[in-house]
Amino acid sequence: MIQAYRNPGVSLNAPGTLTARLINGSMNASRATNVLNSLSPAARSAIGGSNALAAQYGSYMKNGALITPTASQANLLTVAESGGLANAAKTAGAMRGLGIVGSAGATLYGVANLSTYDSEKIANNPDKFASDLTGTAFNATLTAAMVAPNPVTVGLAVGTGVVYAGALVWENRENIADAWNTSTDWVGDKAEDLGKGIASGARRVGKFLNPFD
């Protein structure tokens, strides 16, 4: 059976770890119990992260109480400091680890891309620069939140994500407007066709009910 790990003292989980938490037993997985029980405990820990290692190396004191995080809640820097990089990797698990590698890679790419900008390039395409800058900031804060989830890192990730989304919308506003106009035209045409069809059908029903009309 899946062993559940719960700790009401810690509420923040690393972004993108919902599936990992289902797999390693950090949250109620009643709907997926049959599938998950087919995996060995070692496989669940390897994929979703080790709750045991998180408790062993990631626990800390707060307000006089011992806080024992699950794998998705553990600060991997704390685990690495106490138990080494190997245990930090096992605590993260494959899914969280791949997420960190992906967001960190996107951050490095973003930094390299931003280094190609000069004042002239920024002036010629400020919207693109804004989306590249905010996108890099979002990936950087997302990486930090996945490595060390806490109110500050998660809050920064959410904030930069909102700003990045706004920059993307602004950069692509013309394409969005064109798509909106196309979709509204299509809906209008279909509504007009539907209205004509209903009117035609109503006339036919009327003739059937009153053939002398």
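The following legends describe close-up views of a predicted model.

Residues are numbered from 1 along each chain as its sequence is written. Because the model is predicted, local features require pLDDT of at least 70 and side-chain atom pairs count only at pLDDT 80 or more, whereas totals for chains, interfaces and linings use all residues; side-chain values rest on heavy atoms, with hydrogens and water left out.

**View 1. Confidence along the chain.** The protein chain has a mean pLDDT of 80, and 72% of its residues reach 70 or more; pLDDT is the predictor's confidence in each residue, from 0 to 100. Over residues 1–6, pLDDT stays under 50. For this segment the model has 14 contacts beyond four places in sequence, a contact being heavy atoms within 4.5 Å.

**View 2. The two ends of helix α5.** Helix α5 spans residues 76–83; helices are DSSP runs (H or I, at least four residues), numbered from the N terminus. At its start, a side-chain oxygen of Asn75 comes to within 2.9 Å of the backbone nitrogen of Leu77. Gly84 follows α5 and has a positive phi, near 95°.

**View 3. The edge-to-face pair Tyr117–Phe129.** The whole structure holds 2 aromatic pairs, where rings of Phe, Tyr and Trp (its six-membered ring) pair if their centres lie within 6.5 Å, with planes under 30 degrees apart counted as stacked, over 60 as edge-to-face and the rest as tilted. In one of them, the ring centres of Tyr117 and Phe129 are 5.0 Å apart and the planes stand at 65°, so the pair is edge-to-face. Tyr117 belongs to the loop between α6 (85–114) and α7 (119–124) and Phe129 to helix α8 (residues 126–147), so the pair ties together parts that are 12 residues apart in sequence. Tyr117 counts as buried because its relative accessibility is 12% (buried means under 20% relative accessible area, exposed over 50%, partly exposed in between; 1.4 Å probe, protein chains only). The charged end of Lys121 sits over the ring of Tyr117, 4.6 Å from its centre; this term requires NZ of Lys or CZ of Arg within 6 Å of the ring centre and within 35 degrees of the ring normal.

**View 4. The stacked pair Phe138–Tyr164.** The ring centres of Phe138 and Tyr164 lie 6.0 Å apart with planes at 25°, so this pair is stacked. Phe138 in helix α8 and Tyr164 in helix α9 (residues 151–171) are 26 residues apart, and the pair links distant parts of the chain. Phe138 is partly exposed at 22% relative accessible area, as is Tyr164 at 26%.

**View 5. Contacts of Leu114 and Asp132.** Leu114, in helix α6, is buried at 19% relative accessibility. Beyond four places in sequence, Leu114 touches Phe129, Asp132, Leu133 and Thr136. The C-alpha atoms of Leu114 and Thr136 are 8.6 Å apart, although the residues are separated by 22 places in sequence. Asp132, in helix α8, is buried at 13% relative accessibility and contacts Asn113, Leu114 and Tyr117, its neighbours within four places set aside.

**View 6. The largest nonpolar core.** This core comprises 7 residues: Leu76, Ala92, Ile100, Leu142, Met146, Val147 and Ala148. A nonpolar core is a set of buried Ala, Val, Leu, Ile, Met, Phe, Trp, Tyr and Cys residues joined through side-chain atoms within 4.5 Å. Helices α6 and α8 each supply at least two residues, and α8 gives the largest share, 3 residues. Apart from its neighbours within four places in sequence, Val147 is in contact with Ala74, Asn75, Leu76, Leu77, Arg96 and Ile100.

Terms used: Polar contact = N/O pair within 3.5 Å; in protein donor to acceptor, adjacent residues only side chain to side chain.
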